[in-house]
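Trainee: I have a structure open on my screen and I would like to learn how to read it. Could we go through it together?

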Amino acid sequence: MVKILYVDPKNCISCKACEIACEREHDNVNHIDVYIVEDAEVSVPYTCRHCENAPCVTVCPTKALYRTDSGVFVNYLRCIGCRQCIVACPFGIPKFLDMFKVVVKCDLCRHRLAKNLPPACASTCPSGAIVFTEEVEVTKAKRGVEVSKIIGAVKTAKTLT
Amino acid sequence: MSESLTPVVCPYCGVGCGLFIKSLNGKYVGIEYNYNHPVNKGSLCPKPNDLSFLNSPHRLKKPLKKTESGFVEIGWREAIKEVAGRFKEIVNGYGSNSVAFLASAKCFNEENYLLQKLARLLGTNNVDHCARLCHAPTLVGMGRATGVGALTATFNDIANSEVIVIWGANPAETYPIVMGRYIMKAKNNGAKLIVVGPTKNKTAWHSDIFIQVRPGTDIAVANAIMNVIINEGLYDKEFIERRVDGFDKLVQTVSKYTPELAASISGASAFAIKQAAYLMASSRKGTIVWSMGITQHIVGQRNVLALATIAALLGWYGKPGTCVGGLRGQNNVQGSCDMGALAEFLPGYVKVVDDVGRKRIAELWGVTELPRNVGLTLPCIFREAESGRVKAAYVMGENPVISEANSTHVINGLDRMEFLVVQDIFMTETAEHADIILPAAAWAEKEGSFTNSERRVQWSFKAVEPPGEARPDLYIIIDLAKELGLEKYFNYSGPDEVLLEINKVIPAYAGITPTRLKNTPGGIIWPCPSTDHEGTRILHVEKFRTPSGKFNIIPVEHQPPAEMPDDEYPLILTTHRVVGVFHTNTMTGRSNALVKRWPEAEAIINPATAHTYGVSDNEVVKLVTRRGEYLVKIRLHQGIQEGVISVPWHWGANKLTNDALDPDASTPETKVCACKIVKLR
Ligand code: SF4
Ligand code: SF4
C-alpha cells in the first residue's frame, strides 16, 4: 500500500522542526510552513496535499508537474515558469523560485524514499502531527482509541446494572 | 573518503535524544535520524536539525591571551604554563579558596569528574556549575523528601500516566520530544493534562485544565490542592499509611489554604484549583514534572517539596505510570551533578561534610584528606569575586554573563579577578573578560558519556574533527593538572579510563563501564550497581532512599517573592525560553536555520497591560528594574496575565533579574522581580 504524508494539526506543538528539516533536505528552501495562530491556540503545519486528481498537474502545459502512485512531483527541466499551477492549486502550495525560474514544492523527500527513509518532516516531528504511513494505519489507530473508550463505557455500564 | 554516520547524543536539552552526524572527510555535512533510539525514535526538535555552528568560521581555533592590544594567539604549551603558573601563584599567595572552578552541564561526565577532582586536589570545594541556577532546589528538595534528587522514573512512565501535571514548565518549547512523544501520546490515549503557570504557553494549549497563577505563588496553590484532596478524603490512604512520614503535620499546615485563599494570593480561579485536585485524585497513576517556574524562586526548594508531597498524597511513586521530578535543561546537567561538580557534593552526592564518605573518596584518589568545608556556589563565586576574595576562576563551557541573574554583578566580579580562564568553543560574552581563552572541541568532536533527565547514561561518539588547534576538554584538564604537579592523580589516556574510575567511585555508576556503554545504544539507567545489572527505571519501588525508608513530608508555607511590584516598578517581570534557541545562544545563535526563525528577543505582555502603558505590538521599549535596563521588542499576547511581562533570557535579559537566593539551594529568584516599561519615543 502506498504511504501518505498525514498531517494532523491537533497534535502539533508548534516547534517548527519540520520546517528546518525540510529546508536542510531541499537546498535551504522549505516546502512546509507552520502557521502558529496564538489567538486560536492552534498551529497548522501546511504542505502539499499530493491530490489524486491534482489541479496543478491538470493545468501544467509541459507535463513538468506529474503524478505517480506516490505523489505529485515537478520535473524542473520541463518547467517553463508559467505559474499556471500557482493559479490552479487551491492550497497555495507551489512556490516560484526566482533564482532558478522554476516552480518548487514538496517532493516527499524522494531522495530519502529512494533509500527507504521516510520524509524529513515526518521523521523529525516530535508529536506525531506529521506521519508518513499507510492511510489504513491512521484510521486503525483512531478507531483503536475510540473502541477502547467504548469498552471503558460498556464496562462502567455493566458495573452499574 | 565517503560520507559516514556516527551516533551522538543531542548537545542541547536534557531529553537526551539520539541522532547520527553525517560527515565527509571529518567535517560536519548534516544529520540523519536515529529511528531506533529508545528516547526519540528518530524525531528531533528544531535545534539539532541544524548543527551548522560546528562549521562556523567563528569557532575558537587557538589559545588566546589578553594583552594591551587585545587578544593574541599563543601556543598550547605557553597557555597551559601560564594558567598553571598563575593558579599556583594565587593559591600559594591567597590560599586554595581564592580560586574557583565552573564545570559544565554541556561537557561529558568524564570531563566534569576530572574538573571537580582537580579543584578538590587543589584544596577547594569552590566548584559549581549552572545546575545551581536551575534544578539545585529539585536536588535538595527531592533529596530531603525521597532521598534522591533525580527524576523518579522514565519518560515512558510519563506516557503511561493517566494524569499529567506540568507545573512551571513549558515542555512544548523547552522539552519538545518529551512533550511530543510522551505527553501527547499519553493524551491521545486518554490521559488528562493539567498545566500550572503564569502564561498560557504552547504546552497549556494542549491542557484540559490550565491554572493561571501570578509568578511566585505556587505554594499557595499546591497547598490548596492538597487541602481539597485531604478534606474530600481523596488521598491514597494505604500509601500514606505504609510509606509516608509526617502526614499529620501536613494536614495541619494545609488546613488554612482553602482554594479561596489560594485564589486570592495567586490570582488563579478557586474553581480551577478544586477541579484540578479532583482530576489529579482520579488516578493513582500520575506524573508531576516541573522546571524553572518552580525552582528559580527564593522558595524554590519549598516549591519542590510541595509538589513532591502532592504526588505522595496520591501514591504517585515507585510504580509504572508514575513520574515525579524536574525536567532537566541541559544534556548533561544530571551527569555533572552526579559527578560532584557542586560545591557541597563530592561524586555520587557524598556530602563534603560527611567524614566517612569523604575519606572513602580520598582513599580511592590516593590522598589522605580532601577539603571538608562546603565551597562557594555559583552566585556566591561572583559575589566573592566582586568583593575581592575570589581571585581566579577557571570557566569550562559556561556563559554566566548571560545565564546568571543580575548579570552586571557577574561582569564586575569577572573583571575584578586577577586571573580568569575561559575554555569554550566560541568567543562568548564571558570569554571576552578572560585573561586566557582555551579553544575546546565541541561535543561531536570528542567522545564520552552524558546522563539525561531519566538518569540514562549514554555514550556519544566522535563524529568530526575539531577546528584548528581546538582540543577536547578532557585532555586540556589533564595537561593542566600535570603542569600543576598533580600528574600522579591524572594518569589517564582517555575518557574510558576516567569512566572506569567513576565506576569505582560512584556506586550508582558501578556497572556502567565504557565497554558496556559503547555497546548499549540507548544507554543504561542508573542506579546500576554491577556489570550484570540492567539499570533501574523506577526508583522507590519498595522503599524511599531516606534514612527512614519512607517519604518524608516537610510542609511548607507561602512566602511572597523577594521583590514585589510597587509604585515605581509596577509590573512583575518573569522570564521564559523559546524552542529554537538554547540557553545563552552560543550554539543555536550560529546555526542559520534557527537564527532566521528566532532572531531576537520578544517580551510578551497582555494587550490590556500594553494599553495601560501606551505601548503597541512590535514596539521597542526599555525595561527597567532596580538592577539594570534592557531594550526589547514588545509582543502582545492574550495568554499572559495582566501586570506581568515575560522576557526570554537567551539574549541578555538577566541584566534585569533578581539575584536574591533560595536559602536552601542558593538558586537566584530569576523568575520574579519588579519592573517598569519606559517608552523610547
Ligand atoms: S515538527 Fe511536528 S510538532 Fe513541530 S511544528 Fe512541525 S508538525 Fe508541528
Ligand atoms: S528535545 Fe532536547 S535532546 Fe531532543 S532534540 Fe530537542 S534539544 Fe535535543
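Mentor: Gladly! Let us start with a definition: a residue counts as buried when its relative accessible area is under 20%, as exposed over 50%, and as partly exposed in between. Keep in mind that this is a predicted model.

Trainee: Is C17(B) buried or exposed?

Mentor: First find the residue: C17(B) sits in the loop between β1 (4-9) and β2 (18-24) of chain B. Its relative accessible area is 6%. The cut-off for burial is under 20%. Because 6% falls under that cut-off, C17(B) is buried.

Trainee: Which residues does C17(B) touch, leaving out those up to four places away in sequence?

Mentor: The partners of C17(B) come from several stretches of chain B, and residues up to four places away in sequence are left out. They are V8(B), V9(B), C10(B), H37(B), V39(B), N40(B), S43(B), L44(B) and I177(B).

Trainee: Which residues of chain B are around ligand 2?

Mentor: By class, this shell has ten nonpolar, one polar and one charged residues. C17(B) is one of its members.

Trainee: How much area do chain A and chain B bury between them?

Mentor: The contact takes 32 residues from chain A and 31 residues from chain B. On the side of chain A, I13(A), I20(A) and E41(A) supply 25% of the area buried against chain B, more than any other three residues. Of the area buried between the two chains, 52% is on carbon and sulfur atoms, and the total is about 2,500 Å².

Trainee: How many salt bridges does the rule find across that interface?

Mentor: Side chains of opposite charge can pair when their charged atoms come close. One example joins K596(B) and E23(A), at 2.9 Å from N to O. Across the interface of chain A and chain B, the number of salt bridges is five.

Trainee: Which element gives the largest share of the side of chain A that touches chain B?

Mentor: There are 16 residue pairs in polar contact between the two chains, both residues being at pLDDT 80 or more. On the side of chain A, α1 (17-25), β2 (33-37), β3 (42-46) and α5 (120-124) each supply at least two residues. The largest share is six residues, and it comes from α1(A).

Trainee: Is K622(B) buried or partly exposed?

Mentor: K622(B) forms a salt bridge with E629(B), with the closest N and O atoms 3.5 Å apart. E629(B) has a relative accessible area of 44% and is partly exposed. For K622(B) the value is 23%, so this residue too is partly exposed.

Terms used:
Residues numbered from 1 in each chain as written. Chains lettered and ligands numbered in written order. Predicted model: local features only at pLDDT ≥ 70, side-chain atom pairs only at ≥ 80, totals over all residues. Heavy atoms only, no water. Contact = heavy atoms within 4.5 Å. Buried area = accessible area lost by both parts, 1.4 Å probe. Salt bridge = Lys/Arg side-chain N within 4 Å of Asp/Glu carboxyl O. Polar contact = N/O pair within 3.5 Å; in protein donor to acceptor, adjacent residues only side chain to side chain. Helix = DSSP H or I, 4+ residues; strand = E, 2+ residues; numbered from the N terminus. Near = heavy atom within 4 Å. Nonpolar A, V, L, I, M, F, W, Y, C, P; charged D, E, K, R; others polar. Buried < 20%, exposed > 50% of the residue type's maximum accessible area, 1.4 Å probe, protein only.
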